[in-house]
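The following report describes a single protein chain.

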Amino acid sequence: MAAFKPKVISLTKRPGQTFGFYLRVEQGEDGHLIRCLEMGGPAELAGMKDGDRIVRVNGTFVDGMSHSDVVDLVRNSGPSVTFHILDESSYAQAKAQGVNLSEPQSTPVANGVNKQAPKPKLCYLVKSSSGYGFSLRSVRGEVGLFMTEVIPGSVADRAGVKVNDRLLEVNGENIESFTHDQVVDKIKISGSSIMFLLVDEETDRFYQNKRVKMGAWLATTKFLPCKPRIINITKGSDGYGFLLWEDPRKTGHLIKDIDRGSPAERSGLKEMDRLVAVNGTEVGDYSHEQVVDRFRQSGNNCCLLVVDKETDEIYKQGNVSPMLFWDETKDSNSPPSYTEAVNLPAPVRPSTSVQERDEELKPKLCKMEKTPAGYGFHLNGIQGVCGQYIKEVVKGGVADKAGLEDDDIVVEVNGVNVEQRCHEEVVAMIRRSGDFLEMLVAKRSVYEKLNAKGVTITRLLLGDTSYVDVHTSRRDMQQQEEARPDTPSEPEKQRTPSVSSSSSEESFDVRL
């Protein structure tokens with residue numbers, strides 16, 4: 001099988017994003033196909049091509065598996081997944097020659113670069129009414145304690161714990177020299193949550209062969225449920241729009257009093273975020289004046305690493321710095337066109353009266369004129385199932401300016417109700433609309449409340465001024481062109497609604 005050696009590609013996605021491709025099976029085509037690669041997405045950056053076939057997912061041979069089973073394998077992998085893939089021509093030749101594709105092969109790359117050394121993993125578990133869902137075992141003649149009886153779907157399983165993982169640390173304390181009973185006691189007194197540092201068999205062998213001591217400083221944070229946030233912020237005419245406050249208990253520098261509409265609010269900073277680093281320099285031990293100086297030295301642009309209270313507590317429980325997350329993500333190969341698609345937290349809005357909240361139970365009419373970059377959103381839905389919603393609205397894009405938001409439910413497309421239309425029909429309607437698109441949408445919470453009241457959602461609910469009507473002017477389009485790096489203009493790579501390029505009923509199409 002030397003001529004048909006699969007390439008191994010490991011992909012990692014960020015919260016709220018996808019791996020950037022569709023997984024399809026098509027009538028008259030063998031295998032699980034890569035289609036509709038998102039320009040600048042992890043899959044394209046890693047070298048995947050349209051028409052490539054997936055042979056393995058996380059080591060599991062999938063060539064003979066059903067489409068839905070392969071989709072489940074990918075989705076259950078969490079933020080990282082490893083594929084064995086063959087290009088279209090090699091796959092066809094291998095099939096024609098009867099080659100056994102299940103033989104293991106490898107040429108590993110990760111998001112387009114040579115695969116890095118394996119890492120131990122930090123796993124955070126919150127006890128449920130049935131416990132954590134694992135057991136500990138020790139093996140005569142072997143050093144250490146190992147995970148066993150990890151119950152599928154349990155707290156431990158969802159946190160990334162695997163059978164035969166070796167336990168290195170409990171809440172930031174190394175326990176390799178502890179007895180079984182001592183470790184059990186530490187787990188018991190931990191309370192309702194616990195942080196483990198674990199290493200799987202392959203990673204354990206890797207570091208033992210190199211005689212390198214393992215600790216949390218080597219770990220991946222990808223399994224932790226809460227992530228620090230990297231904030232890129234540009235100073236406005238009135239500054240950044242927040243107050244930097246030093247906690248008198250010396251627990252850190254906190255973000256407070258964020259001005260509405262300020263650069264701080266628009267960038268996603270939140271009240272009481274703790275500032276971890278400025279432009280890659282950790283500032284936890286800095287005085288207030290030293291941190292302020294770091295901002296001044298940055299000019300008009302800063303890159304901040306911040307954590308909210310929940311994330312901060314999780315990292316502190318494991319006795320690790322959020323800089324571990326920074327180090328793991330700072331070398332990302334994602335270009336600006338991909339990074340801009342990260343979903344930022346919604347701005348904090350002032351409280352409203354009951355009457356005002358009732359008035360907000362209205363849909364939104366969003367009118368858009370397509371630019372060379374497309375509309376700037378993804379249309380999500382389940383194949384063959386009614387109901388569509390908006391995802392990955394590009395900040396500053398046409399859809400964003402028109403008022404579309406992530407998780408908006410699509411009610412009408414160009415005046416036609418689509419609530420009972422399947423995904424393929426809605427996609428076709430959008431494509432037929434040409435360069436102009438009009439969508440009646442509702443926030444998910446508004447949609448659910450109106451349906452609960454038995455209210456039919458139509459344009460009659462808009463009133464006179466409650467709809468968003470944004471047509472991108474030619475001048476705006478020119479400005480966007482000048483600010484946007486050159487990108488290919490092939491239709492399948494525009495940031496239009498992400499949809500299948502085929503309407504065949506025999507084709508299955510799942511975005512991953």
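R229 counts as buried because its relative accessible area is 13%; buried means under 20% relative accessible area, exposed over 50%, and partly exposed in between, with a 1.4 Å probe and protein chains only. The residue R229 belongs to strand 15 (residues 229-234). Helices (H or I, at least four residues) and strands (E, at least two) are DSSP runs, numbered from the N terminus.

The side chain of R229 makes a polar contact of 2.4 Å with that of D273. A polar contact is a pair of N or O atoms within 3.5 Å; within protein, one must be able to donate a hydrogen and the other to accept it, and residues adjacent in sequence count only if both atoms are side-chain atoms. R229 and V306 are separated by 77 residues in sequence, yet their C-alpha atoms are 5.4 Å apart in space.

## Basis of the model

The model is predicted: local features need pLDDT of at least 70, side-chain atom pairs count only at pLDDT 80 or more, and totals for chains, interfaces and linings use all residues. Residues are numbered from 1 along each chain as its sequence is written, and side-chain values use heavy atoms, with hydrogens and water left out.

## Salt bridges

The count of salt bridges comes to 23, where a salt bridge is a side-chain nitrogen of Lys or Arg within 4 Å of a carboxyl oxygen of Asp or Glu. One of them joins R35 and E26, with the closest N and O atoms 3.0 Å apart. Both partners are buried: R35 has 12% relative accessibility, and E26 has a relative accessible area of 15%. R35 and E26 also belong to a network of salt bridges that links them with R24 and D50.

Another salt bridge pairs E88 with R53, the closest N and O atoms being 3.8 Å apart. E88 lies in helix 3 (residues 88-96) and R53 in strand 4 (residues 53-57), so this pair ties together parts that are 35 residues apart in sequence. E88 is partly exposed at 37% relative accessibility, whereas R53 is buried at 3%. D308 forms a salt bridge with K270 at a closest N to O distance of 3.7 Å. D308 is in the loop between strand 20 (301-307) and helix 9 (309-317), and K270 is in the loop between helix 7 and strand 18, so the pair ties together parts 38 residues apart in sequence. D308 is partly exposed at 22% relative accessibility, and K270 is partly exposed with a relative accessible area of 27%.

## A nonpolar surface patch

L243, W245 and M272 make a nonpolar surface patch of about 260 Å². Patches are made of residues with over 30% relative accessible area and no salt bridge: like charges are joined within 9 Å, nonpolar side chains (Val, Leu, Ile, Met, Phe, Trp, Tyr) within 5 Å. M272 is located in the loop between helix 7 (263-267) and strand 18 (274-278), and its 41% relative accessibility makes M272 partly exposed.

## The chain as a whole

The chain contains 16 helices and 27 strands. Of its 512 residues, 45% count as buried. Among contacts (heavy atoms within 4.5 Å) between residues at least 6 apart in sequence, 68% join residues at least 24 apart.

The accessible surface of the chain is about 26,000 Å², and 48% of this belongs to carbon and sulfur atoms. Accessible areas come from the Shrake-Rupley method with a 1.4 Å probe; for residues, only the protein chains shown count as cover.
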